[in-house]
Amino acid sequence: MSSFSGLTDALTALNAARYALDVTGQNISNANTPGYVRQRAELAEAGPVAGVAALYATQHADSTVTVTGTSRLNDPVVDMRARSEHGRNGYLQTTASTLSGVEALFNEPSDTGLAEQLNDFWNSWAAVANNPGDSAARNVVLQKAASVAGTLNEASAALGRLSQSLTDQAGSTVTQINTATGELAQLNSAIAVGTATGASDNQLLDQRDGLLMKLSDLAGAQATINPDGTATVTIGGQNVVNSTTATAVSVNASNQLDVGGTIAGTAGGQLQGLLDGLTSTLPNYAGQLDAVAAALAGTANAAQTGGYDLAGNPGGPLFSGSTAGTISVAVTDPTKLAASGTPGGNLDGSVALAMSQLGNAPAGADASYRTLIGTLATDSQRASQQATVQQSVTDSVDALAQSSAGVSIDEETSNLLTYQRSYQASSRVLTTVDETLDVLINHTGRAGL
Amino acid sequence: MLRVTEGSTSRGALVGLQASAGRLSALQQQLSSGRQITKPSDDPTGTVSALQLRSQLKQITQYQASATDALGWLTTVDSAYSSITGQLQQVRTLVLQGMNTGTGSAGSNTAIAQQVDQARASLLSLANASYLGRPVFGGTTAGTVAFDSTGAYVGDTGTVSRTVGPNTTVDLNTPGTTAFGPNGSNLFDLLSTISSDLVSNPTNLGADLTALDARQVAITGDQSLAGAKYQRIQGVQTTSSTDTIQLKSQLSDLQDIDLADMAVQVSSANAAYQAALATTAKISQISLLDFLR
């Protein structure tokens, strides 16, 4: 055993304590940094070289300390679960928000919604039935018909605008995805180099996890972490990041997700929510709204063409067009409205009376519209309930991830104390060994002089 | 064991605060709009029921307007018939007078005949009684009179009807020919005959009187029919007023808030939110650093 090995041992302990203090300081600095995963200096005993025969080995205290690395204290399993919950959350939130957008556009139940306008329209016919010769009553019918048609046109246009806005959002989401996959491919190459050379790449891994989470939110991306720390990412079953290569994604004309020329399967995240809105939710409601318009035009026109106008001529169709976007009032002259059931220009009101009852028709516009609102209400309620549940699941998984990766100030403070004491004690060891050597060298007699 | 960190505490607190604030905001939205259902997804079944109730209410309002209109029509009919009956009584007296004076006094019979002619003109105008510009005895004619100046029926046989309740359509009119007789032998033709018989053929007056009585019976019959319809419509009106009240209360139950209940809910949500805020502020203040000296 060397007389000076005590000094070296104390120095090693001092270094280790200082390094641990540095890491603690780093944790405290980044306590509020988003995506930062707390780190810990891993200390280990450094023993004598193993396998040396006792004959040749010098007698030595058992071991000293060494820093073996800086570990990143996340839980990869929880992280993976968090990513998958985030993907689902993004999807459900977007779906719920699309449906609530559709809901807002119909403004029901209210005194101004389409249901009430249809009621007013049919009822205006009763006034004509009571007094078929009254031009004021006939004018009211034309006004009410125009307002029903106008509301249908506007609802259809609003659905179109909603669809355009979803398309725009999908476009910007795709841009964000492509940016993130590009960055991830670059990071992958840096991480691979770092791992190969043994450099600490914890900061790069934090960035990697941040990007993976972003990709999950945006597109429900599935990530596999490779042994060298790089990540392989698939969206809808198609590889988008493989080692250092990123494949660009895009949305094609029929609103399908295209990964480098291949149509991807169902992805997830916000993007899938937007695409589902574009391919199924909005077309579904647009179709139902068209059915309302078709039922309105169909029933009203059938009744009108079976009747006779004020001059006794056969009535013509009241509405032209049979979709919500194209329906309009075809009659401009109030006397051309057919109220009479018999020719000859009399004041019979039987057709007007029949028109006033069309709102009760089982397959009429009112019934179709009520079905639309009922379906929309149920869909939207279910979507928003699912979104609420998923949000709380996501929050709890995030809390779980945060529980292993988050910095606790109390813990770091107590670590500071621990390492500070350790540093102080090691200094004391150094001083003590020094004093011992001082006695040995300077104060041990004067023999031989 | 779950590690608790400053980040997770503040996240958890934030989620809780968001939820409390969300509940408070939803309640306040309901309170300020006065509606339980502010959008269809608040209550899908309630929304569909509300739409149906609204449509029924609108229809009942329309039925009531139609019923009022029908009652006005029938009142016109009834008062016209009452006046006509009075006039016919006078004509009957005149005919009896003519029969009694006999053929001897042609001069006085001429005077009576003139009075009958007057009565005919007055009856003609009564038979053309109109409601809102439409002759009530003219069927669905687009013209302004039911009988022209010669007393011929110029109306048609169309039906004027009002729908006064669900599946309750009442035919308001009978064509003028039912009460006043067919063209050629109607009331006005009869009165012309009486007028000429008084002067030139008093022996025929007996037969004329029988015919006059037959007309009177027909007119009274039609008047009582109109009265029965009036009563029926009034009955339906009463039912629909009751229905309106019921529908309005159902609709209100569905879509309107209970103010007292809502006030309690808002204040308890408010208290919960304040408590959450206060606790969050207290908890986040302490750490180990406060106790190290």
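A: Axes here are lines fitted to C-alpha atoms, for helices over the stretch in contact, and angles run from 0 to 180 degrees between N-to-C directions. Helices (H or I, at least four residues) and strands (E, at least two) are DSSP runs, numbered from the N terminus. The model is predicted: local features need pLDDT of at least 70 and side-chain atom pairs count only at pLDDT 80 or more, while totals for chains, interfaces and linings use all residues. Residues are numbered from 1 along each chain as its sequence is written, and chains are lettered from A and ligands numbered from 1 in the order in which they are written.

The part in question is helix H2 of chain A, residues 76-106. H2(A) packs against helix H8 (residues 365-405) of chain A at an angle of about 155°, the two axes being 7 Å apart. H2(A) is therefore roughly antiparallel to H8(A) (angles under 35 degrees count as roughly parallel, over 145 as roughly antiparallel, 65 to 115 as roughly perpendicular and the rest as oblique). The crossing of H2(A) with H8(A) is left-handed (the near helix is turned anticlockwise from the far one by less than a right angle; clockwise is right-handed). The contact of these two helices holds 15 nonpolar, 12 polar and seven charged residues (Ala, Val, Leu, Ile, Met, Phe, Trp, Tyr, Cys and Pro count as nonpolar, Asp, Glu, Lys and Arg as charged, and the others, Gly among them, as polar).

H2(A) also packs against helix H6 (residues 269-305) of chain A, where the axes come within 8 Å and cross at roughly 30°. At that angle H2(A) counts as roughly parallel to H6(A), and H2(A) passes H6(A) in a right-handed crossing. On the H2(A) side, the residues in contact (C-beta atoms, placed from the backbone, within 7 Å) include A:Gly87, A:Gly90, A:Tyr91 and A:Thr94. Among those that H6(A) contributes are A:Gly269, A:Gly273, A:Asp276, A:Gly277 and A:Tyr285. By class, the contact of H2(A) with H6(A) has five nonpolar, 11 polar and one charged.

The loop between H2 and H3 of chain A holds A:Asn107. Most residues other than glycine have a negative phi, and most peptide bonds are trans. A:Asn107, which is not a glycine, has a positive phi of about 50°. The peptide bond from A:Glu108 to A:Pro109 is cis, with omega near -15°. A:Pro109 is found in the loop between H2 and helix H3 (114-130) of chain A.

Chain A as a whole has nine helices and 11 strands. Its radius of gyration is 39 Å, well over the 22 Å that the globule rule gives for 449 residues, so chain A is more spread out than a compact globule (the radius is taken over C-alpha atoms, and the rule is 2.2 Å times the number of residues to the power 0.38). The C-alpha trace of chain A spans about 150 × 45 × 25 Å along its principal axes. Chain A is divided into domain 1 (5-73 + 407-442) and domain 2 (82-393), with bounds from an automatic or database domain assignment. The C-alpha centres of these domains of chain A lie 64 Å apart. Six residues of domain 1 touch six residues of domain 2 in chain A, and the domain 1 side divides into two nonpolar, three polar and one charged.

Chain B has seven helices and four strands, in the order α-α-α-β-β-β-β-α-α-α-α along the sequence. The C-alpha atoms of chain B fill a box of roughly 145 × 30 × 25 Å, taken along the principal axes. Chain B has a helix pair of its own: the axes of H1(B) and helix H7 (residues 259-283) of chain B come within 9 Å and cross at roughly 160°. H1(B) and H7(B) are therefore roughly antiparallel to each other, and their crossing is left-handed. The contact of H1(B) with H7(B) has 14 nonpolar, eight polar and one charged residues.

Between the chains, the contact takes 41 residues from chain B and 41 residues from chain A. Helix H1 (6-33), helix H2 (44-101) and strand E3 (161-165) of chain B are the elements that give two or more residues to the chain B side. H2(B) gives the largest share of that side, 13 residues. The chain B side divides into 13 nonpolar, 18 polar and 10 charged.

Terms used:
Contact = placed C-beta atoms within 7 Å.
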